[in-house]
Every structure is written in structure tokens, then in C-alpha cells.
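Me: I would like to learn how the features of a structural model are read. Please take them in turn, giving the general idea and then the case at hand.

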Amino acid sequence: MFPARSFWLLLGNLAFKPKIRFAHSDSSTVPTIFKSRRDPWINPTMLLLGFMPFFTFGLGTWQLQRLQWKIALIDELEEKLELAPLSLPQKINLSVIPEFVYRKVMLRGRWDHAKSMLIAPRVHEGVHGVHVITPLIRENGTTVLVDRGFVSKEYVAQGTYQQETGEVEVLGMLRTSQPRNRFTPDNHPEDGIWYWTDVDAMAEHAGGESARVQPVFVEQIFEGHAGEAGSRLTKGIPIGRAPTIDLRNSHLSYVMTWYALSGLTAFMFARVLVTKKRSIGRKLPRFT
């Protein structure tokens with residue numbers, strides 16, 4: 001027989017003992033920290049990777065079109081270069097000159113050496129020198145500018161490069177002012193310093209309209225072989241340009257670059273998609 005006091009103490013403990021809720025009960029919940037969470041599919045990185053293949057493919061297609069245009073332009077200019085030389089009229093229509101660029105012309109007249117201009121620096125076969133621009137007074141009294149070609153700097157310094165006298169016949173090709181980039185210095189006509197071909201400024205420097213100087217620029221053509229060019233170089237005789245088209249055409253390399261980038265970024269985007277699809281989300285933390 002238990003004492004009465006012990007019996008009532010045992011009964012009180014059972015009555016007031018807190019209930020224990022097990023983790024596996026239906027009403028239990030998993031703390032948020034343990035929930036598996038996936039990264040969002042749409043984020044700045046995915047948007048950029050998805051955009052780049054299309055963007056670079058578009059640039060490659062644009063450069064392909066530019067390549068086709070440049071090839072057609074070069075073919076057109078080469079056809080012009082093969083035509084018989086023109087004889088320029090007394091009064092030249094300046095507005096149509098761009099349509100006749102690279103077209104051969106035949107000129108007759110006398111050099112005005114007193115108004116020659118030197119464009120420097122220039123390099124020919126590793127030799128430093130200048131290009132000699134000399135006004136040519138034609139038979140009809142009008143004057144055009146002619147780039148006679150390259151002369152080494154030693155003959156320029158001595159002033160002993162060839163200066164023909166009397167009537168001459170010049171075969172050349174029509175050109176326009178050279179495009180100037182941001183690194184090309186300004187010309188200084190008052191000091192006789194020229195860095196690039198500015199046809200209008202050169203024509204004005206040679207006398208301008210009052211002296212019947214027309215802003216028409218012709219590059220003299222040299223059709224000799226390499227041995228003859230070397231001989232001219234050692235004698236101080238200007239070496240004209242070759243009758244070729246010198247337009248720069250790098251569009252093919254641009255096409256290959258942009259299409260390669262398009263393929264690479266498309267592969268990267270597909271790889272990321274596959275990785276995200278296989279991912280089960282963030283791993284649960286481990287407690288010890």
C-alpha cells in the first residue's frame with residue numbers, strides 16, 4: 001500500500017506532464033531553411049547569354065553583306081582601270097570626279113616645279129622619303145595637280161631629285177582627297193609641310209582659281225619592273241604608283257570572327273541550360 005501522499009503526487013505529475021510532439025506527426029512542418037530551392041531561370045546572365053548568339057550572328061551577316069559589296073566595288077574599279085585613258089576637258093566638272101576615280105587619264109603639259117609640294121613621311125620598299133606633288137600646266141592653260149611619286153629623303157634634302165623641263169606626257173589615274181584619320185597631323189601649307197592629300201587646299205596653295213588651277217588630283221602611273229624602280233630610286237627620279245586598286249578589304253576576317261563568336265556563345269548558352277535542367281536545387285545543410 002502506497003501512502004496517500006505519494007499516490008496524489010504521482011497522479012499530479014501524470015496530469016500536468018507536457019505532451020511531446022514528434023517530428024513525424026502530421027501537424028509538424030519542416031523549417032524553411034531545409035527546403036530545397038532552385039535558382040531562377042531568368043536572370044541577367046541568362047538574358048545576356050541568350051542575346052549574344054543572335055547579336056553576333058547578325059553582325060556576321062552584316063559583315064558578309066559588306067564583303068559582297070566591297071568585292072563588287074573592287075571589280076567595278078578594276079574594270080574602269082582597264083579602260084583606255086581619258087583626255088580631260090579644259091573645264092572639268094568637279095561633281096562627277098568621284099564617278100571616275102581610278103580611271104586612267106592622259107595629260108600633256110609643263111611642270112610648275114616652283115609650286116611643288118612634298119607629302120611626308122612616306123616609305124617605299126623600306127626607304128624613307130616623300131611624295132612629290134607638282135602642278136601640271138596643260139596645253140590649254142589650265143592646271144591640275146599630279147602626284148609624281150616617291151623620292152628618297154636624301155635627294156629631297158639636297159634638292160637634286162629630277163625636275164623635268166619642257167613638255168611632258170603623263171599617264172595617271174584620277175583620285176580624290178585622302179581620308180584623314182584622327183592621328184594624322186594638320187597640314188601647314190605656309191611652312192610647306194603636308195601630311196595628307198587635301199586637294200582643295202593644295203589647289204589653292206598652287207594659285208587657286210585666279211591662276212586657273214583646278215582642284216583635280218592625278219596619281220602618275222609607273223608600269224616598269226622592280227629593277228627599273230630601283231634604278232629610279234638611286235637616281236632621284238620619282239616613282240609613280242602601280243596601276244592597281246588599293247582598297248582595304250578586311251570584311252572576311254570580320255565575318256569569321258562574328259560567326260565564331262555566335263557559335264561559341266550559343267554553345268555556352270546551351271551548356272548552361274543543360275546544367276540548370278540537371279540541377280536539383282540547393283543542397284540541404286548538414287548538421288553535426
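Me: Is T56 buried or exposed, and what does that word require?

Reply: Buried means under 20% relative accessible area, exposed means over 50%, and partly exposed lies in between, with a 1.4 Å probe and protein chains only. T56 counts as buried because its relative accessibility is 1%. This is a predicted model in which local features need pLDDT of at least 70 and side-chain atom pairs count only at pLDDT 80 or more, while totals for chains, interfaces and linings use all residues. Residues are numbered from 1 along each chain as its sequence is written, and side-chain values use heavy atoms, with hydrogens and water left out.

Me: In which element is T56 found, and how are elements assigned?

Reply: Helices (H or I, at least four residues) and strands (E, at least two) are DSSP runs, numbered from the N terminus. T56 is found in helix α2, residues 44-81. The chain has 6 helices and 7 strands, in the order α-α-β-β-β-β-β-α-β-α-β-α-α along the sequence. Of its 288 residues, 32% are buried.

Me: How many residues lie between T56 and L261 along the chain, and what is their C-alpha separation?

Reply: T56 and L261 are 205 residues apart along the chain, yet their C-alpha atoms are separated by 6.4 Å. Q65 is partly exposed, because its relative accessible area is 48%.

Me: Which residues make the nonpolar surface patch?

Reply: Patches are made of residues with over 30% relative accessible area and no salt bridge; like charges are joined within 9 Å, and nonpolar side chains (Val, Leu, Ile, Met, Phe, Trp, Tyr) within 5 Å. Accessible areas come from the Shrake-Rupley method with a 1.4 Å probe, and for residues only the protein chains shown count as cover. Here L261, L264, F267 and M268 make a nonpolar patch of about 370 Å². M268 has its place in helix α6, residues 251-278, and is partly exposed at a relative accessible area of 38%.

Me: How many salt bridges does the structure hold?

Reply: A salt bridge is a side-chain nitrogen of Lys or Arg within 4 Å of a carboxyl oxygen of Asp or Glu. The structure holds 9 of them. One joins K104 to E223, with the closest N and O atoms 3.9 Å apart. K104 lies in strand β2 (residues 104-111) and E223 in the loop between β7 and α5 (226-235), so this pair ties together parts that are 119 residues apart in sequence. K104 is buried at 15% relative accessible area, whereas E223 counts as exposed at 57%.

Me: Which residues are linked with R175 in a network of salt bridges?

Reply: The network links R175, E219, R241 and D246. Within it, R175 forms a salt bridge with D246, the closest N and O atoms being 3.9 Å apart. R175 lies in strand β6 and D246 in the loop between α5 and α6, so the bridge ties together parts 71 residues apart in sequence. R175 is buried at 17% relative accessible area, and D246 is partly exposed at 45%.

Me: What is the volume of the largest pocket, and which residues lie nearest its centre?

Reply: Rolling a probe the size of a water molecule over the atoms shows where empty space is left. On a 1 Å grid over the protein atoms alone, a pocket is an open set of points where a 1.4 Å probe fits, with protein on both sides within 12 Å along at least five of seven lines; lining residues have an atom within 4 Å of a point. Grid points are joined across faces, edges and corners, and a volume is the space filled by probe spheres set on the points. The largest pocket has a volume of about 370 Å³. It is lined by 13 residues, of which Y102, R175, Q178, P179 and D246 lie nearest its centre.
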